[in-house]
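This report goes through one protein model part by part. Please keep the sequence and the 3D view open while reading.

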Amino acid sequence: IFYLRMEKVDEEKLYTDLLYRYQYMCKFMDFDETDVKLIHGAQKPLAPRVPFIVDRVYEKLFAFSSTKRIFYRERMKHDLHMDIAKETLESYDDEKPQGGMRKLSLKLYIMRLISKPYDGAMLAELDRMGKIHRNMIKVELIHVQVLMAHIQDVKFQR
């Protein structure tokens with residue numbers, strides 16, 4: 001069995017230093033400038049498909065009670081006019097203004113990934129979005145993981 005030389009990781013720094021965490025993740029996944037160039041090179045064919053990808057993502061998120069519940073719960077917190085007696089998890093749709101805002105946010109996020117530099121500003125934005133989803137909205141990691149796998153699949157659909 002062949003093992004790579006073990007690299008010492010400052011595990012505390014992983015949670016306190018954003019650049020260090022990014023560098024660690026890149027090294028772990030063998031992600032480098034070549035990969036960034038490939039992603040940016042995919043911008044031309046991928047950009048027109050972003051609305052399709054976003055729609056498929058939301059269809060999938062609303063197809064399971066475990067993920068739809070997150071959106072429903074957030075709407076209950078923010079929409080003072082929501083009639084809980086009439087709008088159940090089953091009847092809830094995301095066609096309200098907040099849903100459009102979410103879809104636009106995801107479109108902008110994907111466009112940023114395929115067109116902007118992977119620099120400090122990008123890291124800060126990714127970290128900010130991660131904190132919102134983890135701390136404020138309380139999205140469990142399992143849902144993030146399956147969503148990432150789904151996005152991998154949906155980008156090749158027509």
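## The second largest pocket

The second largest pocket holds about 400 Å³ of space. This is a predicted model, in which local features need pLDDT of at least 70 and side-chain atom pairs count only at pLDDT 80 or more, while totals for chains, interfaces and linings use all residues. Residues are numbered from 1 along each chain as its sequence is written, and side-chain values use heavy atoms, with hydrogens and water left out.

Rolling a probe the size of a water molecule over the atoms shows where empty space is left. A pocket is an open set of points on a 1 Å grid over the protein atoms alone, where a 1.4 Å probe fits, with protein on both sides within 12 Å along at least five of seven lines; lining residues have an atom within 4 Å of a point. Grid points are joined across faces, edges and corners, and the volume is the space filled by probe spheres set on the points.

Among the residues that line the second largest pocket are Leu4, Met6, Tyr20 and Phe28. Its lining divides into six nonpolar, one polar and four charged residues. Here Ala, Val, Leu, Ile, Met, Phe, Trp, Tyr, Cys and Pro count as nonpolar, Asp, Glu, Lys and Arg as charged, and the others, Gly among them, as polar.

## Helices and confidence

The protein chain has nine helices and zero strands. Helices (H or I, at least four residues) and strands (E, at least two) are DSSP runs, numbered from the N terminus.

The predictor's confidence in each residue is its pLDDT, from 0 to 100. The protein chain averages a pLDDT of 84, and 86% of the residues score at least 70. Confidence is highest in helix α1 (residues 11-14), at 95, and lowest in helix α9 (residues 141-154), at a mean of 76.

## Buried and exposed residues

Of the 158 residues in the protein chain, 26% are buried. Buried means under 20% relative accessible area, exposed over 50%, and partly exposed in between (1.4 Å probe, protein chains only).

In α9, the buried residues are His143, Leu147, His150 and Val154. They cover an arc of only 60 degrees around the axis, so they lie on the same side of α9. The arc is that of the directions from the helix axis to the C-beta atoms. On the other side of α9, Leu141 and Ile142 are exposed.

Aspartate 30 is in the loop between α2 (18-29) and α3 (33-41). Aspartate 30 is exposed, with a relative accessible area of 63%, and has a positive phi of about 55 degrees although it is not a glycine.
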